[in-house]
Amino acid sequence: MGLVLDVAKCTECKRCMIACSLAKSGAVRMGASRIDIRSSWPKAPEIRVCRFEDCDGHPCIASCPVKAISELDGVVLIDSGACIGCGACEASCPYQAITIENGTALKCDLCGGDPACVKECVTGAIRNREVAD
Amino acid sequence: MTGSMFDRMIRIDVGKRESTLWTVPDDLRSYLGGIGYGVKLLCAEVDPRIDPLSPDNKIILTVGPLTGTSAPMHAQSCIVTKSPLTGTILNSYAGGFLGPEIKFCGLDGIIFEGAAAEWSLVLIDNEGVRFEPAADIVGKTTGEAEAYIKDNYGHDYRTLSIGPAGERAVAMASVFSETRAFGRGGAGAVLGSKRIKAIGIRGTGAVTTADPARFRELTARNMDVLREARVDEYGLVGIFSKFGTGGGMSLVQGHGALPTKNHTYGSFDGAETIDGPFFEENLYTRRIACFGCPIHCGRIHTFSAADGNELWSRGPEYETMFSLGSNLLNGDAATLAEANRLTEQYGVDSLTVGVTIAWAFEMAEAGKLNVPGLDLGFGNAQAVLGLIHMICMREGIGDMLANGPRQAALELGNGSIGRAMQVKNSGFAAWMPRRMKGTGLAYATSNRGACHKRAPIGAEIAGALDMDSYEGKAAVVIETQNTVNAIFTLISCRFHEFVTDHEIYPKLLAAATGRSASWDEMVTLGERIWNLEKLFNLKAGLTRDDDRLPGKCYEPVLGKTSQSAVMDEAKFEAMLDEYYRLRGWNAAGIPGKRRLDELGIGEYAM
């Protein structure tokens with residue numbers, strides 16, 4: 001599992017963020033999105049989201065002082081009940097894919113294998129790794 | 001709060017440096033949002049006779065019931081104010097990301113009142129409003145003002161700004177918002193008159209809907225329609241997606257309706273080197289979209305300036321390819337790109353500024369206008385760039401041109417007024433009224449001056465209507481004006497309506513807000529708003545004369561495909577009579593009490 005990114009195709013419409021925040025919070029709220037599109041005109045944007053397959057050593061897992069982060073079948077998950085919101089994982093992530101909101105760390109969990117963002121991306125800037133391969 | 005509407009706006013008195021939250025009253029809620037809120041509020045609170053650049057004017061910045069939701073192609077926000085360009089009530093729109101950000105602040109709109117003593121920045125977030133000095137960026141470009149806010153107050157701020165043109169009360173100055181502009185009508189000069197250099201807006205809140213399951217279903221179905229339209233290479237929306245809005249230039253050219261050399265010809269030999277496909281092949285580097293839009297008609301391009309510097313900018317859009325391209329006999333893409341970039345950085349409407357320059361060129365060629373040191377003439381790139389600078393800085397002849405094409409022609413006199421291609425001092429858009437009679441009537445009768453947003457362009461270009469016929473055009477124009485006003489209460493993108501059935505709008509409205517209005521009721525609301533605008537304009541002093549086309553429209557078009565196309569003045573006047581009659585207005589264009597009573601706005605009758 002995982003996401004394959006092609007920033008050259010990203011139009012910065014943020015439908016991925018809209019879909020993610022709706023899936024995770026039931027409302028459109030950009031802070032609730034686990035994926036973030038950061039503009040950098042005239043260059044292509046930066047897409048901040050978990051890049052498990054590209055990530056060397058998954059430092060977020062070791063960074064967590066309360067062992068709230070674990071890996072299962074190629075997906076890094078955060079146990080929000082155990083999370084103390086210390087921000088260590090946020091600081092450790094080389095892709096800036098983790099944010100702290102209301103005292104809890106948030107990151108992409110691939111929606112259990114059927115990511116809401118992928119379905120909304122009309123240009124193919126975000127694809128499912130399995131489909132892309 | 002009902003679903004996606006907060007029923008709350010914020011009033012900002014920039015003179016007193018005060019802001020107050022204001023609950024939207026019930027009678028205003030029936031206007032749904034967007035243009036409806038703006039027009040109703042301005043009509044209720046601003047005397048039509050005021051000087052638009054006085055502190056008595058207001059800027060009403062609104063969003064709609066679908067802004068900030070997952071509904072695609074509803075990113076725009078709307079400014080309503082009294083225009084310093086036209087002297088009319090103005091509604092002007094910008095896409096991008098500003099609209100949703102206003103919603104994320106928990107607001108349905110922002111009202112700017114009064115005028116500050118010193119140049120100011122206004123910062124708005126979920127906590128409230130604060131004012132900061134703007135001394136560091138007075139005189140700076142829109143891009144510099146935008147960067148200043150992001151660098152000093154945070155990159156998550158969405159920005160509005162004016163450039164040097166807005167600071168100098170240039171009548172066609174625009175308000176810019178990052179990739180987009182409230183282009184038409186001079187809202188930038190109004191913001192400048194209030195001494196607001198820039199505005200930062202940052203919202204962190206949520207937008208919900210009244211019936212999330214139903215809303216999700218409607219949005220998913222609409223996305224299916226748009227996914228198909230996006231890749232339909234024969235449909236306009238598909239063409240805009242693939243090539244930007246300039247993708248249809250050859251189609252317009254083929255009909256001899258591409259205004260060229262100040263509307264002298266209907267086709268331009270240099271069109272192939274400035275149109276959408278040319279830019280897509282050679283200059284565009286990125287496709288960019290508004291919030292939530294799958295069509296991404298926006299573009300970023302790079303180019304080499306005359307001095308060899310590598311520059312980049314947004315656009316140019318189709319209308320600019322006309323106004324700074326074909327209409328000036330400019331077939332050089334780099335010159336067009338540089339002119340487009342200048343209008344953006346100085347903060348001015350590329351349409352009306354180009355129309356004004358075209359008029360100046362024609363006057364120079366006729367020996368009626370002479371500017372020492374500047375060789376005014378069609379095809380002269382340096383004169384185009386020089387005049388944009390002079391207009392925006394109000395230098396030399398630019399001071400006269402900065403008041404708009406009609407005002408400049410009145411000042412010059414010497415029979416020049418009929419060559420200024422404008423209505424109500426707002427420049428024609430990129431469609432030729434002599435070829436497209438309905439579009440001509442739409443330009444003439446538009447409440448905000450020559451306007452293509454409410455013209456039957458698609459039907460006339462695609463052939464559903466005979467473009468040269470006068471028959472039945474009055475009814476079609478009325479229907480278009482009412483319909484577009486209806487969707488602008490939701491601030492739907494004009495391109496959304498090209499491919500989406502109208503019946504979706506009441507459904508989206510109900511699922512988002514729990515409020516109900518049938519499509520017919522929405523169109524009647526559009527008519528109600530149109531009449532309120534008209535009454536505002538009449539009370540401001542406009543007459544039937546302001547609903548007429550310039551004299552050049554009654555002379556034949558020259559050139560290949562459009563040879564001898566002409567607007568017959570008597571037939572135009574008959575069309576205007578028919579238009580007034582069908583609207584329930586008298587021969588002077590004054591709405592009758594009976595129709596106003598039927599629309600529920602009898603108290604505004606004259």
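Tutor: Let's start with Lys14(A), which counts as buried because 29 C-beta neighbours lie inside 10 Å. The cut-offs behind that word: 20 or more other C-beta atoms within 10 Å of a residue's own means buried, 12 or fewer means exposed, and anything in between is partly exposed, with C-beta atoms placed from the backbone. Keep in mind that this is a predicted model, where local features need pLDDT of at least 70, side-chain atom pairs count only at pLDDT 80 or more, and totals for chains, interfaces and linings use all residues. As for labels, residues are numbered from 1 along each chain as its sequence is written, while chains are lettered from A and ligands numbered from 1 in the order in which they are written.

Back to our lysine. Lys14(A) sits in the loop between strand E1 (3–5) and H1 of chain A; helices (H or I, at least four residues) and strands (E, at least two) are DSSP runs, numbered from the N terminus. Its backbone is worth a look too: phi of Lys14(A) is near 70°, a positive value in a residue other than glycine. Most residues other than glycine have a negative phi, and most peptide bonds are trans. Chain B has a lysine with a positive phi as well, Lys261(B), at about 55°. That one is in the loop between H9 and helix H10 (276–282) of chain B, and with 19 C-beta neighbours inside 10 Å it counts as partly exposed.

The one from Trp41(A) to Pro42(A) is cis, with omega near 0°, and Pro42(A) belongs to the loop between strand E2 (36–40) and strand E3 (43–48) of chain A. Over in chain B, Gly315(B) and Pro316(B) are joined by a cis bond with omega about -5°; look for Pro316(B) in the loop between strand E15 (310–314) and helix H11 (318–323).

Where the chains meet, 17 residues of chain A are in contact with 25 residues of chain B, contact meaning that the C-beta atoms of two residues, placed from the backbone, lie within 7 Å. Helix H1 (residues 15–25) gives the most to chain A's side, with 3 residues. That side has 10 nonpolar, 3 polar and 4 charged residues. For these classes, Ala, Val, Leu, Ile, Met, Phe, Trp, Tyr, Cys and Pro count as nonpolar, Asp, Glu, Lys and Arg as charged, and the others, Gly among them, as polar.

Chain A splits into domain 1 (1–49 + 109–133) and domain 2 (55–107); such bounds come from an automatic or database domain assignment. The C-alpha centres of these two domains of chain A are 19 Å apart, and 8 residues of domain 1 are in contact with 10 residues of domain 2.

Across in chain B there are three domains: domain 1 (8–202), domain 2 (213–427) and domain 3 (437–576). Domain 2 and domain 3 of chain B have C-alpha centres 21 Å apart, and their contact takes 34 residues from domain 2 and 30 residues from domain 3. H7(B) gives the most to domain 2's side of that contact, with 7 residues.

So let's finish with that helix. The buried residues of H7(B) include Phe215(B), Leu218(B), Met223(B) and Leu226(B). Seen down the axis, the buried residues fall within an arc of 145°, so they line one face of the helix; the arc is that of the directions from the helix axis to the C-beta atoms. An α-helix has 3.6 residues a turn, so residues three or four places apart point the same way. On the other side of H7(B), Ala213(B), Ala220(B) and Asp224(B) are exposed. And what do the buried residues of H7(B) pack against? They meet H8, helix H20 (494–499) and helix H21 (504–513) of chain B. The C-alpha atoms of Arg515(B) and Pro65(B) are separated by 9.8 Å, with the two residues 450 residues apart along the chain.
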